[in-house]
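Good morning, and thank you for coming.

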Amino acid sequence: MKVAVIGSGYVGLVLGACMAESGNDVVSADIDENKVARLQRGEIPIYEPSLEPLVKRNLAEGRIRYTTDVAEAVRASDIIFIAVGTPPGEDGSADLKHVLAVARTIGQAMNGEKIVITKSTVPVGTARRVRAEIEAHTDLPVHVCSNPEFLKEGAAVDDFMKPDRVVLGVDSEHAGAVLRDLYEPFVRNSGAILTMDVPAAEITKYAANAMLATRISFMNAIAQLCELTGADVNMVRKGIGSDARIGSAFLYPGAGYGGSCFPKDVKALIHTMEELGADASILQAVEAVNERQKRVLLNRLVARLGEDLSGRTVAVWGLSFKPNTDDMREAPSLVTIEALLERGARVVVHDPVAMDEARHHLGDRVTYAASNYEALAGADALVIHTEWQPYRRPDFVRMKAALKAPLVFDGRNLWEPADMAAAGFEYHCIGRGTAGLSAKE
Ligand SMILES: NC(=O)c1ccc[n+]([C@@H]2O[C@H](COP(=O)([O-])OP(=O)(O)OC[C@H]3O[C@@H](n4cnc5c(N)ncnc54)[C@H](O)[C@@H]3O)[C@@H](O)[C@H]2O)c1
């Protein structure tokens, strides 16, 4: 099939490469000239495991090409995915300017019947607006469908190739049949294609992310209760996660959720619900808990070392909002680092892949360490923000020797408090008490 993917970000890149891998003729368009030039050379502008070989192979075999000419991509294709960003507007609503700009270009470039699919996460009712924008410029027939994306950054190719389910919100039998055919190679084993009306598909995406964010904030609230009572949240987590009705995923307390999706999608859903007169109080609570949680590590560090951190050095391990990605959009690490800098601390950071991305956010206001151990040299404390695999089993003797004081604030519960106390650390984690209090400074 002839497929256009408009927008070559995390979602568009994976979608285009995977569609090409299953034999389709794909053109991937983006207005970012620098990004497209890199892609044409086979360079991947983001860190996403397994994506590079996929792109290189399909480029070499001629099944995918990258262009800045969106109109030409539309003319060359029968199926057009809109995968551009939907950042939060000032009032928290999803900003649809990129989506509607693409719809306008599609309308102007129409040269036959097309199936247009919003892949971007968009509020309920957006497909209607996309259709109106296209039909303002053409009389040719167009189907406008919704196919929300559930991939996880860091495992995106795998998620796309073997999805739990594919949600298709369709406006006609014909569009449903074509899209089911397009996705059939990806659901051979599960067969899980859910066809539904367009508004249900649009709401499903927000409901899924809001549910996952709710589980995280719920566990962060329970972690706070554990801290006040001396209970171990890990035990509580296992105790409830083993209940088949609850399940064990997304029950990890931490230093707050971040990333390109949960924060903006929860905000946008609140906005839509309020606008339509629905009660959004449950999501307002989810957001409020998360805002508090993003400051938990900082508050503990300040309680321990004081408000004035001038003359102090703080090491930070992990900058991306989660492991296996370089994405730092709304990363809780940024909240901590900005607050440390405001209080006069010198901040030394390390991340296995997000160092270049960090420079865009932090410039030369922090020191970039070549290794996680180098970051510790002479530091008054270590703060951990991302549960990268190489951080899980470090050399604690080497860590202790490098740090000025063996003081650790772990936002991802990487280690056992008792082990840390035995190794001579003062160890603050989430919902599991504090071990080895009063480390020597
Ligand atoms: N990142 C994720 O994990 C994820 C997962 C599921 C859904 N989503 C949703 O998918 C959408 C895209 O997310 P992303 O993370 O890939 O965004 P991104 O910011 O990484 O990429 C968006 C791309 O769209 C391009 N673009 C903007 N306007 C354009 C236009 N008029 N024509 C062509 N290209 C244009 C930008 O240059 C950019 O390269 C969002 O709605 C997001 O909520 C993201």
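**A helix, a sheet and a ligand**

Let us begin with E133, which is found in helix 6 (residues 126-135); helices (H or I, at least four residues) and strands (E, at least two) are DSSP runs, numbered from the N terminus. Please note that this is a predicted model, in which local features need pLDDT of at least 70 and side-chain atom pairs count only at pLDDT 80 or more, while totals for chains, interfaces and linings use all residues. Residues are numbered from 1 along each chain as its sequence is written, and side-chain values use heavy atoms, with hydrogens and water left out.

E133 touches L100, A103 and R104, not counting residues up to four places away in sequence; contact means heavy atoms within 4.5 Å. The C-alpha atoms of E133 and G107 are separated by 7.0 Å, although these residues are 26 apart along the chain.

Strand 13 (residues 407-410) and strand 14 (residues 426-428) run parallel and are joined by 3 bridges. Within strand 14, E426 stands opposite L407.

Finally, the ligand. What are the closest residues to the ligand? They are D30, K35, T86, E153 and K264, among the 27 residues that surround the ligand; a residue is near a molecule if one of its heavy atoms lies within 4 Å of it.

Polar contacts are pairs of N or O atoms within 3.5 Å. A polar side-chain atom of K264 lies 2.5 Å from an oxygen atom of the ligand, and a polar backbone atom of Y10 is 3.0 Å from a ligand oxygen atom. Taken alone, the ligand exposes 830 Å², of which the protein buries 89%, with accessible areas taken from the Shrake-Rupley method with a 1.4 Å probe.

Note on methods. Polar contact = N/O pair within 3.5 Å; in protein donor to acceptor, adjacent residues only side chain to side chain. Pairing = 2+ DSSP bridges.
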